[in-house]
Amino acid sequence: MARQMNSGFSAWLRRDLLLAYRRRGEVASPVLFFVMVSTLIPLGLTPESARLAEVAAGMIWVIALLATLLSVDGLFASDYQDGSLEQMLLTPQLLPLPVLGKITAHWLTTGLPLTLVSPLLGLMLSLPGAGYIPLICSLALGTACLSFLGAVGAALTVSLRKGGLLLTLLVMPLYMPVVIFGTATVNYAIDGFNWLPPLAILGALFAAAVALCPLAVAGALRVTASN
Amino acid sequence: MSQSPLLSVENLAFERDDSCLFDAIDLTVNGGDILQIEGANGSGKTTLLRLLTGALQPSAGSINYLGCNIADCRYDYFANMLYIGHQPAVKLNLTAEENLRWMVANAAQSNQISISDALTEVGLAGYSDIPCYTLSAGQHRRVALARLLISEARLWYLDEPFTAIDKQGVQLLQSCLQQHVSRGGLVVLSTHQDLALNNVRKYNLLARTEHIA
Amino acid sequence: MKVFSNWQWFHRLGSPRWFYQTTGRWLPWLSVATLLVLIIGLVWGLAYAPADAKQGNSFRIIYIHVPASFLALAGYYIMAIAGAVGLIWRMKLSFMVMKAAAPIGAVLTFIALFTGAVWGKPTWGTYWVWDARITSMLILLFLYAGVMALQYAYHSVDAASKAGAILALVGTVNIPIIYKSVDWWYTLHQPATIKLTSAPSMHPDMFQPLLVMILGFYLFYALVLILNTRSEILRRERKTGWVRELAQSKSGFDARAGD
């Protein structure tokens, strides 16, 4: 009795969401990191609202990036250790599709909470009022890009011990355009300009990431996970 | 009309890191065969199995499923194949039932045995809804065993399937293998254990010799 | 595990031995040509080209800075193409070239950054300034570092090469994006840009030695790449017959005794 095979995307998405739900505490750490580190900014720089307002957009973005970077390390790690990754390489479905499912689950449990919490941080760091909506929009698209690009790094280092540091080195250059356009979106809005163009470029980066990163991840997993 | 064998390996060679693990391996496995790969540790048994599953690429030669190179008929081959490696692929945060449900969902084919029946047969009846991190390694392998019960895949590749299983599990696994080959499936496995089954083809990887036990 | 020193492997693998022997014949000529062009370019540029109206003699550093930046970027593409060839046609020689190209490009990037900093001091009063060019060079350095670090992290040479090739290709796609983004970012924050090299508006007398230097750097890159690849070949093929013979004939003792 053969059944119609699904594409694997939704199956892996649901499984990863279920696993994240079972490990709720772990999943909350990027958001906690996000909030806690942002309290370091006034401590390290200055509590003056005016000066904080100047750097708020960039600071929030950089901390969101760091939080994503910390969490992306574990994207394939547990699957590699218990043999599920091995099985994923053997599904008849095209490999980029389960990969897409996993990355989507990662964004839903990391990037999305960060995006939703960001207005709170904007408040704490005196972000000017015009910046809130652009911040949410740019973080939503941007953290998705970061998840996709981070997955490429995670796939390339999955079988290495202490791959986390190497992952950071590999992925940082790829993250830089995302940060540039993400912060530009918010800063344009704060300065009174039209913030849609940089957001559109961010959207283009996102579209390219969705199309290309799963292929790179699939290729990388075939190389690294079968050794 | 002569049919292509279910699985045939022609002139297979594999090298890694500039040293050759093996070369010129020829095998033919038909439905109903159990092929046991023997060899000392490190002789390449796991590598051969992984080559058969397509996870590794051979340096030379080909692996053919029903006459077609597996690189060309990828979907059919993978849909008809089941591989259980050293790790049983059990997620610790899911229950035994959820794990099995997941494994079945990923398989193209499954027979009529229900998930709870399969778990009962492997002796995990009362454990089906607690997370697997509370279970032992032997019990994890039982979940993998339940997967075998449900699977309708024709080709089974098992790497050291008898590790961490107790005597009861060994009997269960052997009867499972017997049933599978009597339905026309084939099994390629690597194990040091002597199988209490008839007509097991034992293939020595280093010597390239075969004998039937 | 048996080790093969048989011809059938070499034919399929793009013959490192052929490469080694053929480049052995070219090397003397290439070295002479490289040396000549570099000397001509350096002497011309550093001594004979006219001094710049605004910057005086300090601008002469472009005769090293600009070719180094060109080659740093070109070198990355060479590395990535070698990786792609290795992945697609499964040629080991190609992977060896890729591995050899990485440190060369990284050092050239560093030279570009260093000379840029040295130039910056008399020009802007500071060693480091976050302008588009220098920032892009720095990111390129990180990309190189990533490819090298990834390859060294893996014990298995095959996995290292393939992973490195994939990363190099990912970087290739990203380099135009990164360069353009940094460019755009810089114009955002500093509308009045000082162009480090406005090549079209350079006086021909200053431009010609620059072209010579660029050619010289290309030759130099080719030379060092070939040398580095040759040593990589020797390292990887050290167990094969022809390498052992080579070692024996060069050193005059039985190499096998040391195994």
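A crossing of two helices counts as left-handed if the near helix is turned anticlockwise from the far one by less than a right angle, and as right-handed if clockwise. By that rule, α3(C) passes α4(C) in a left-handed crossing. The model here is a predicted one, in which local features need pLDDT of at least 70, side-chain atom pairs count only at pLDDT 80 or more, and totals for chains, interfaces and linings use all residues. Residues are numbered from 1 along each chain as its sequence is written, while chains are lettered from A and ligands numbered from 1 in the order in which they are written.

Back to the helix pair in chain C. Helices (H or I, at least four residues) and strands (E, at least two) are DSSP runs, numbered from the N terminus. Two packed helices are described by the angle between their axes and the distance between the axes. Helix α3 (residues 62-89) of chain C packs against helix α4 (residues 92-124) of chain C at an angle of about 160°, and their axes are 8 Å apart. That angle makes α3(C) roughly antiparallel to α4(C). Axes are lines fitted to C-alpha atoms, for helices over the stretch in contact, with angles running from 0 to 180 degrees between N-to-C directions; under 35 degrees counts as roughly parallel, over 145 as roughly antiparallel, 65 to 115 as roughly perpendicular and the rest as oblique.

Next comes the meeting of chains A and C. Chain A puts 21 residues into the contact and chain C puts in 22 residues, two residues being in contact if their C-beta atoms, placed from the backbone, lie within 7 Å. On the chain A side, the elements that give two or more residues are α8 (132-156), α9 (163-191) and α10 (196-224) of chain A. The most comes from α9(A), with 11 residues. Sorted by class, this side of chain A has 18 nonpolar, 3 polar and no charged residues. Here Ala, Val, Leu, Ile, Met, Phe, Trp, Tyr, Cys and Pro count as nonpolar, Asp, Glu, Lys and Arg as charged, and the others, Gly among them, as polar.

Zooming in on one helix pair between these chains, the axes of α9(A) and helix α6 (residues 157-189) of chain C come within 9 Å and cross at roughly 35°. This crossing of α9(A) and α6(C) is left-handed too. The residues that make the contact include Leu170(A), Pro173(A) and Phe181(A) from α9(A), and Leu167(C), Asn174(C) and Trp185(C) from α6(C). By class, the contact of α9(A) with α6(C) divides into 13 nonpolar, 2 polar and no charged residues.

Chain B is divided into domain 1 (1-80 + 155-163 + 186-213) and domain 2 (82-153), with bounds that come from an automatic or database domain assignment. The centres of the two domains of chain B, taken over C-alpha atoms, are 25 Å apart. Their contact takes 10 residues from domain 1 and 7 residues from domain 2. Strand β7 (residues 155-159) of chain B gives the most to the domain 1 side, with 5 residues. That side of domain 1 has 6 nonpolar, 2 polar and 2 charged residues.

Strand β7 also belongs to an open sheet of 6 strands in chain B, in the order β6-β7-β8-β3-β9-β10, with mixed pairing. Two strands pair if DSSP finds at least two bridges between them. At the edges stand β6 (81-84) and β10 of chain B, each with a single partner strand, so one side of each is left without a neighbour in the sheet. On average, neighbouring strands of this sheet are turned by 15° against each other, direction ignored. Strand β3 (residues 34-38) and strand β9 (residues 200-204) of chain B pair in the parallel sense over 5 bridges; Ile34(B) has Val200(B) as its bridge partner, and Gln36(B) stands opposite Lys202(B). By contrast, β9(B) and strand β10 (residues 209-212) of chain B run antiparallel, joined by 4 bridges. Their hairpin has 4 residues between the strands, and in it Arg208(B) takes a positive phi near 60°. Helix α6 (residues 167-182) of chain B lies across β3, β7 and β8 (186-190) of chain B, at about 145° to β8(B).

Chain B also has an open sheet of 4 strands in the order β2-β1-β4-β5, with antiparallel pairing. Here β2 (19-29) and β5 (68-69) of chain B stand at the edges, each with a single partner strand, so one side of each is left without a neighbour in the sheet. Strand β1 (residues 7-16) of chain B is joined to β2(B) by 7 bridges, and Leu12(B) has Ile25(B) as its bridge partner.
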